[in-house]
Amino acid sequence: MWAFLVLLGAAAVSAYPNNLAFDGHMVFRVILQNEGQVEIINSLASKMQVDFWQPDYVTLVKPKMQVDFRVEADKVFEVEHLLKENKVEYRVLINNLKTALDAQFDSKARSTSHSYEKYNTWEKSSASKPVAVWIPRIPYPELVEGDRKQNVALTIYKEMIAAWTEDITAQNPDLVSRSVIGETYEGRPMYLLKLGKSGTNKKAIFMDCGFHAREWISPAFCQWFVKEAVETYGKDNVMTRLLNNLDFYVLPVLNIDGYVYTWTNDRMWRKTRSKNSGSFCIGTDPNRNFDAGWCSIGASRRPCDSTYCGSAPESEKETKALADFIREHLSTIKAYLTIHSYSQLLLFPYSYTYKYPESYEELNSIASAAAKQLATLYNTEYTYGPGATTIYPAAGGSDDWAYDQGIKYSFTFELRDTGYYGFLLPESQIKPTCEETLLAVKYIANYVLDHLY
């Protein structure tokens with residue numbers, strides 16, 4: 001692969017990580033017809049490293065389920081042979097993961113500052129002197145003078161989301177304030193934005209993004225939501241009404257350490273970056289770490305697994321900080337929204353049990369109406385329902401925990417798409433994804449305002 005070195009002031013930049021490690025990796029989709037075929041996938045996962053995308057853990061695989069998973073280049077032939085030999089229906093979603101990683105940046109103009117239509121890093125490089133940065137190949141040939149045969153582009157980023165939280169607050173002091181609700185395992189401050197006009201006895205909606213590090217479209221939506229709030233206040237009747245009568249707590253990225261790691265080391269990283277006692281394996285799945293049927297189903301007690309539930313509920317500094325904040329504000333928080341990807345789903349409790357919540361009828365009605373509202377813009381179809389019965393059971397989730405704390409209107413969004421790009425949604429889809437999701441969020445928020453309890 002052709003590359004070049006650029007001498008840059010590292011106080012202002014960081015480079016996207018080398019994608020060569022994923023060259024030749026493939027993402028398969030299989031449709032399992034019976035228990036025998038489920039056993040084939042179980043056997044496969046026991047013999048080699050399999051990164052399950054949907055569902056997110058092998059024990060959740062069951063008959064009649066669509067399963068997406070990634071395997072390394074040197075295992076592709078073996079996997080295809082096994083699937084064919086056992087007549088397992090499959091297709092290749094991503095033929096070469098490295099190509100798909102590069103193609104995320106399909107916007108032709110790169111920015112050195114924060115952009116709502118690009119994926120933004122969390123922070124700038126910590127280096128204090130100029131460094132030579134290796135820039136990987138990305139298909140923007142028009143950026144390379146004199147050589148139209150090389151697909152090379154400069155991918156340079158300033159400190160972005162962290163600085164943006166400060167900037168958006170300073171630019172909109174009447175609508176936005178910023179606080180720190182805790183710090184991550186690696187010591188990064190967890191910034192929380194509060195949106196709304198000042199008032200007394202206002203109720204609130206809490207929304208978070210970036211639980212799972214590789215789900216980049218999630219933090220992009222939280223930033224988009226804040227942008228829309230400040231830009232359309234006083235112009236859009238619904239948004240103006242919402243901000244006049246409600247506060248919105250927005251946590252742009254919960255799993256900041258993991259998110260940073262996806263930019264610097266491993267784009268496919270999912271968990272936090274905490275160390276686990278007695279294990280060389282790093283991290284906990286933050287969305288299995290809440291005290292809601294903790295580790296009882298759809299989660300793992302093995303630190304090396306992607307759905308590791310942690311040593312105890314709220315063992316992670318990040319989940320503890322979020323839970324503490326919500327507990328401290330339970331009297332005012334009336335809705336909880338958590339943004340994930342992918343699958344185009346709008347879920348509500350429960351995921352840790354197949355039992356329907358007491359508010360099932362109302363929550364199902366809200367989800368149905370919100371999904372219809374979302375589809376009005378680009379005809380994007382969402383499936384909705386309780387987590388366990390709609391997709392699969394998973395204990396320790398933040399939405400179930402919030403509901404059990406008394407926050408009745410608790411929803412999980414799984415944003416675009418349904419697997420063609422998976423976690424690698426191109427930047428050209430950020431705007432339409434955020435625009436349509438905003439319609440659903442505004443619908444839910446408006447409903448909450450009309451049905452305060």
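Before selecting anything, two terms: strands (E, at least two residues) and helices (H or I, at least four) are DSSP runs numbered from the N terminus, and two strands pair if DSSP finds at least two bridges between them. Keep in mind that this is a predicted model, where local features need pLDDT of at least 70, side-chain atom pairs count only at pLDDT 80 or more, and totals for chains, interfaces and linings use all residues. Residues are numbered from 1 along each chain as its sequence is written, and side-chain values use heavy atoms, leaving out hydrogens and water.

First stop: select Phe52, whose bridge partner in β5 is Phe69. Now show all of β4 and β5 (66-71): they run antiparallel, joined by three bridges. Zoom out, and you'll see an open, antiparallel sheet of four strands in the order β4-β5-β3-β6. Its edges are β4 (51-54) and β6 (89-94), each pairing on one side only.

Next, pick residues 76-85. That's helix α2, packed on the sheet and touching β3 (26-31), β5 and β6; touching means heavy atoms within 4.5 Å.

Last stop: the lining of the largest pocket. What classes of residue are found there? By class, the lining has 13 nonpolar, five polar and 11 charged residues. Here Ala, Val, Leu, Ile, Met, Phe, Trp, Tyr, Cys and Pro count as nonpolar, Asp, Glu, Lys and Arg as charged, and the others, Gly among them, as polar.

Notes. Axes are lines fitted to C-alpha atoms, for helices over the stretch in contact, and angles run from 0 to 180 degrees between N-to-C directions.
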